[in-house]
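Please look at the sequence and the structure below before reading on.

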Amino acid sequence: MKRENSVISAAIEPMVRITRSRAAVPEKSMVARTAELPKQRGQKRALRINSSTAILRERNKNVPLTSYVEQKCRPVLKDVTNLCCNTSNGDCLNATKVPKKKKIMRVGNSSMNVSKVTTSVDPKVYQFPSKLPPRSSQSCSDRKSHEQGNPIEIKGFPRKGTVEKAVRDAAPSTSTKLDFIDIDSDQKDPQQCSQYAHDIYNNLRVAEVIRRPHSNFMETLQLDITQSMRAILVDWIVEVSEEYMLVPDTLYLAVHFIDLFLSQNYVERKNLQLLGITCMLVASKYEEMCAPRVEEFCFITDNAYTKSEVLAMESLILNFLGFRLSTPTAKTFLRRFVRSAQASYKNPNLELEFLANYLAELTLLEYGFLKFTPSAIAASSVFLARWTLDQSIHPWSPTLEHYTNYKAQDLKSTVLALQDLQLNTNNCLLNAIRAKYRQDKFKSVACLSSPKLLETLFQT
């Protein structure tokens, strides 16, 4: 008896003290009580089970060890997957069957019993019907028109085909020739996104049509400001962007926000400059790595506006835009179109790139260019730049026609209006953009002028 107690006490010393009353307890209840004992700090569950099993073996030599271990161990899980195999019996292989709990799901006015399975997919799960019972006479007519192939119009979204028609109107013809240079064949530079560039710019062509400012807001909505006031504001913004060395995308985006806000909101003359600096603040936050502070924009206006006024206007603009700040501008398309034009040169022509950017920036001053899409302005800038630099070849190539989706005849009105800006036929006194591109770092492209455009250039 002493030997038995010593063995037992040595086996369970780390866990609990065994008394004579506990030793007299039946074996099954001993196992249950041992399982309910509180855990000691630093002891594992496996150690506790093994020690209690050793006690029982010492007390009863005839009871095998596996009889107690099997009560604690769980069966080994087989291969459980979410895919069911089709067998002759319709059962899944290597899948554990779980009782299904039925759940009622309501769709419209009908109720359906849906089986909910937690670990496997039942091949006989209820499938939703392809045709639902109509809720009303209106929904019945909509469903009937949908079955006949007519799209159902949803409020807040354009009817299918509206955007596509607008894109066709913006670019009424596309190139069908195959003798163009593939500018996306070089996939070594990941920043070019060669594999996705075609889809990206197709998406941008749709986006430029959806979010465009009205081209007649000066005549219909704005009564206190004029076209010349808008041009003066944009010219001043160009000087500010040069002073703070902002990227060109910030300039284009700021002017776009100004026109978009003016096309749907009445603005007094005294708040026009406040609108300009706030749109520039929002655009710089979106495009710049390190945007200027609000206090700096107040400083460049000679503190005509306070910080609280700028922040209040910023909140007004962001709520008007719905915080959707991503918009394709002429600069967005100009990068790809210039790259398409450079494909015909052995070495990149920087003069062509600077001249195309100069012509595109000139359109920011002119209110009349709001009637043209940004992609048409970018394509026309490349057209006129090539004609200005070289009159011995046609300025429009099959490669440009393929990547811009414009034929030469589609750009006639835009190119002619752009040439008037280049030659300054209206004697505009706003000189910020011209002074900017007279610098040597831009190869003084503002000093160049183009000869008269021939009518044969726009013929098919």
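The protein has 20 helices and two strands; helices (H or I, at least four residues) and strands (E, at least two) are DSSP runs, numbered from the N terminus. The model is predicted, with local features needing pLDDT of at least 70 and side-chain atom pairs counting only at pLDDT 80 or more, while totals for chains, interfaces and linings use all residues. Residues are numbered from 1 along each chain as its sequence is written, and side-chain values use heavy atoms, leaving out hydrogens and water.

Of the 460 residues in the protein, 37% count as buried. Buried means under 20% relative accessible area, exposed means over 50%, and partly exposed lies in between (1.4 Å probe, protein chains only). Contact means heavy atoms within 4.5 Å. Among contacts between residues at least 6 apart in sequence, 72% join residues at least 24 apart.

**Salt bridges**

A search of the whole structure gives eleven salt bridges. The term stands for a side-chain nitrogen of Lys or Arg within 4 Å of a carboxyl oxygen of Asp or Glu. Three of these pairs are tabulated here.

| Aspartate 224 | Arginine 269 | 3.7 Å |

Aspartate 224 forms its salt bridge with arginine 269. That pair links distant parts of the chain, 45 residues apart: aspartate 224 sits in the loop between helix H9 (217–220) and helix H10 (227–243), and arginine 269 in the loop between helix H11 (248–262) and helix H12 (272–287). Aspartate 224 is partly exposed, at 24% relative accessibility, and arginine 269 is also partly exposed, at 48%.

Elsewhere, salt bridges with shared partners join Glu242, Glu361 and Lys436 into one network.

H11 has 15 residues and spans 22 Å from its first C-alpha to its last, close to the 21 Å expected at 1.5 Å a residue. The expected span is 1.5 Å times one less than the number of residues. H11 is mostly covered, with 14 of its 15 residues buried.

How do the axes of H11 and H15 cross? They come within 9 Å and cross at roughly 140°, which makes H11 oblique to H15. Axes are lines fitted to C-alpha atoms, for helices over the stretch in contact, and angles run from 0 to 180 degrees between N-to-C directions. Angles under 35 degrees count as roughly parallel, over 145 as roughly antiparallel, 65 to 115 as roughly perpendicular and the rest as oblique.

On the H11 side, Pro248, Asp249 and Tyr252 meet Ala330, Lys331 and Arg335 of H15. By class, this contact has three nonpolar, no polar and three charged residues. In this scheme Ala, Val, Leu, Ile, Met, Phe, Trp, Tyr, Cys and Pro are nonpolar, Asp, Glu, Lys and Arg are charged, and the others, Gly among them, are polar.

**Single residues**

Phenylalanine 333 also lies in helix H15 and is buried, with a relative accessible area of 1%. Not counting residues up to four places away in sequence, phenylalanine 333 touches Tyr201, Leu204, Arg205, Glu208, Pro328, Pro374, Ser375 and Ala378. The C-alpha atoms of phenylalanine 333 and arginine 205 are 9.1 Å apart, although 128 residues separate the two along the chain.

Threonine 278, in helix H12, is buried at 0% relative accessibility. Its contacts, leaving aside neighbours within four places in sequence, are Val310, Met313, Glu314 and Ile317.

Asparagine 349 is in the loop between H15 and helix H16 (350–362). Asparagine 349 touches Gln342 and Leu389, not counting residues up to four places away in sequence. From asparagine 349 to valine 338 the C-alpha distance is 9.6 Å, with the two eleven residues apart in sequence.
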